[in-house]
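Visitor: I would like to go through a protein model and ask where its labels come from. Please set each value against its definition.

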Amino acid sequence: MRDYWEEPETKNKKINAKKIILSIFISILVVAIIVIVALYITNNEFRNWIDIEIFRKEISQDGVTTIELDEGEASSVYAFNKYIGILSKNSLSLYDSTGGEEANLEVQITNPLFDSANRFLVIGESNGQKVYLIEDREVIWESEVEGNISKVCVNKNGYVAVIMTGTSYKSEVQVFDPEGNSLFISFLSYTMAVDASISNDNKYLAIAEVDTSGTIIQSNVRITSIEKARTDPRNSDENNYKSEQNKLIVNIAYQDKDRIVCMYTDTISIIENGQETVIFDNKDKKITAQSIDLKDNFATIQEESSGIFSANSVINIINVDSKNTQNYIVETSVKEMYTKGDIIALNLGTEVEFINTSGWLVKRYIANQEVSNVTVADNIAGIVYRDKVEIINL
């Protein structure tokens with residue numbers, strides 16, 4: 001009976017103060033991170049302060065590596081892969097991000113046309129016959145074509161297309177494999193080839209053509225099977241997409257999933273699943289620049305008035321897969337836009353802003369003088385002056 005009437009013994013639970021304090025600290029930290037991220041995304045002034053003071057994305061001209069140029073010699077500068085290439089006196093010097101010379105290649109070209117993809121660089125002699133393919137730091141092959149080279153292009157696997165004029169045809173497009181073997185030549189009797197692009201799977205060649213022989217302009221994109229063209233070039237066309245009359249095509253570019261982005265003077269369209277669809281129209285917009293030379297994206301610059309004597313530039317970055325648009329705004333006019341891979345460079349005069357296709361600032365370069373030219377790749381860029389090249393690591 002005693003056990004029954006006896007009150008049960010109360011056990012005092014000890015409160016773990018350390019765990020409570022740690023939980024509160026973690027909760028505050030998570031909330032602070034969420035607030036900071038939200039401010040970074042939505043508040044331009046806060047984002048600019050973070051980019052400069054925390055991420056150190058702003059650099060000045062005095063703090064970059066410089067490559068000196070010979071003022072008495074004409075030099076052509078081009079960024080590709082992880083190098084800055086300087087072509088002068090039939091010699092191509094490749095410099096790394098620290099300004100060290102990695103290679104010096106003999107290239108018998110004085111007036112170059114460049115294109116690059118992945119680790120490949122193709123160089124053709126403008127209005128000449130010489131063409132070279134470089135992989136990383138080596139010349140893989142060189143060749144001569146019949147006709148005058150007007151454009152060169154290379155895909156990420158090293159397949160090369162060369163557009164030529166000055167033959168018995170209106171224009172010709174010759175395709176080479178990565179070993180330098182000529183696979184075939186497309187002969188265009190009535191149209192002028194203005195651009196070409198090879199698919200990432202090496203199966204198709206797309207040619208942008210313009211016919212100006214009549215009273216109206218007719219643009220079209222011809223798709224050629226590379227495999228069929230190797231044995232029967234005249235019967236290798238897979239499709240031919242004709243645009244509306246008086247639309248002038250300027251550039252084309254194969255993207256992933258065999259999409260072709262087509263840039264006209266007034267619209268940008270995509271060819272996929274056997275159809276061409278306009279996804280950007282310049283009508284009623286003040287478009288100052290546009291480019292399709294980006295990975296799975298294209299970019300346009302639209303100028304918008306911000307006052308009586310001032311204007312903002314809105315960079316629209318459109319993903320060709322999702323069709324989503326990212327915007328990046330600068331509070332001035334953009335002199336030039338340069339694009340490659342995932343990087344967009346904006347020349348603002350004495351500043352250059354490098355942004356990515358997600359619309360975020362990668363690096364801001366502040367100069368002491370007017371910037372005349374910029375060359376850009378995914379990981380490296382060159383600010384080109386008359387007597388020097390300044391290297392920007394991205």
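Guide: Start with one definition: buried means under 20% relative accessible area, exposed means over 50%, and partly exposed lies in between, with a 1.4 Å probe and only protein chains counted. This is a predicted model, in which local features need pLDDT of at least 70, side-chain atom pairs count only at pLDDT 80 or more, and totals for chains, interfaces and linings use all residues. Residues are numbered from 1 along each chain as its sequence is written, and side-chain values use heavy atoms, with hydrogens and water left out.

Visitor: Why is K89 called exposed?

Guide: The relative accessible area of K89 is 57%, so K89 counts as exposed under the over 50% rule. K89 sits in the loop between β4 (83-88) and β5 (91-95). The strand names come from DSSP: strands are E runs of at least two residues, helices are H or I runs of at least four, and numbering starts at the N terminus.

Visitor: What makes the phi of K89 worth a remark?

Guide: K89 has a positive phi of about 50° although it is not a glycine. Most residues other than glycine have a negative phi. N273 is another case, with a positive phi of about 55°, and it is not a glycine either. N273 is placed in the loop between β21 (267-272) and β22 (275-281). With a relative accessible area of 79%, N273 is therefore exposed.

Visitor: Why does S213 count as exposed?

Guide: S213 has 62% relative accessibility, so it counts as exposed. S213 is in the loop between β16 (204-211) and β17 (218-225). Its C-alpha atom is 14 Å from that of Y169, and the two residues are 44 apart along the chain.

Visitor: Why is T300 called buried?

Guide: The relative accessible area of T300 is 0%, so T300 is buried. T300 belongs to strand β24 (residues 297-305).

Visitor: What does T300 touch, not counting residues up to four places away in sequence?

Guide: Contact means heavy atoms within 4.5 Å. On that basis T300 touches I268, F280, I287, A289, Q290, V314, I315 and N316.

Visitor: Is D51 buried or exposed?

Guide: D51 is at 4% relative accessibility, so it counts as buried. D51 lies in helix α3 (residues 44-54). Leaving out residues up to four places away in sequence, D51 touches Y40, R56, K57, E58 and L361. The C-alpha atoms of D51 and Q174 are separated by 47 Å, and these residues are 123 apart along the chain.

Visitor: How do you know that β7 and β8 pair?

Guide: Two strands pair if DSSP finds at least two bridges between them. Strand β7 (residues 112-117) is joined to β8 by 6 bridges, and the strands run antiparallel.

Visitor: What makes strand β8 mostly covered?

Guide: In β8 (residues 120-125), 6 of its 6 residues are buried. On one side these are F120, V122 and G124, and on the other L121, I123 and E125, so both faces are covered.

Visitor: How many bridges does β8 share with β9?

Guide: β8 and β9 (residues 130-135) pair in the antiparallel sense over 5 bridges. In β9, E135 is the bridge partner of F120, and L133 is that of V122. Their hairpin has 4 residues between the strands, and N127 takes a positive phi near 60°. β9 is in turn joined to β10 (residues 138-144) by 6 bridges, also running antiparallel.

Visitor: Why is the chain called more spread out than a compact globule?

Guide: The chain has 4 helices and 33 strands. Its radius of gyration is 27 Å, well over the 21 Å that the globule rule gives for 394 residues, so the chain is more spread out than a compact globule. The radius is taken over C-alpha atoms, and the rule is 2.2 Å times the number of residues to the power 0.38. Along its principal axes the C-alpha trace spans about 120 × 55 × 55 Å. Buried residues make up 46% of the 394 residues.
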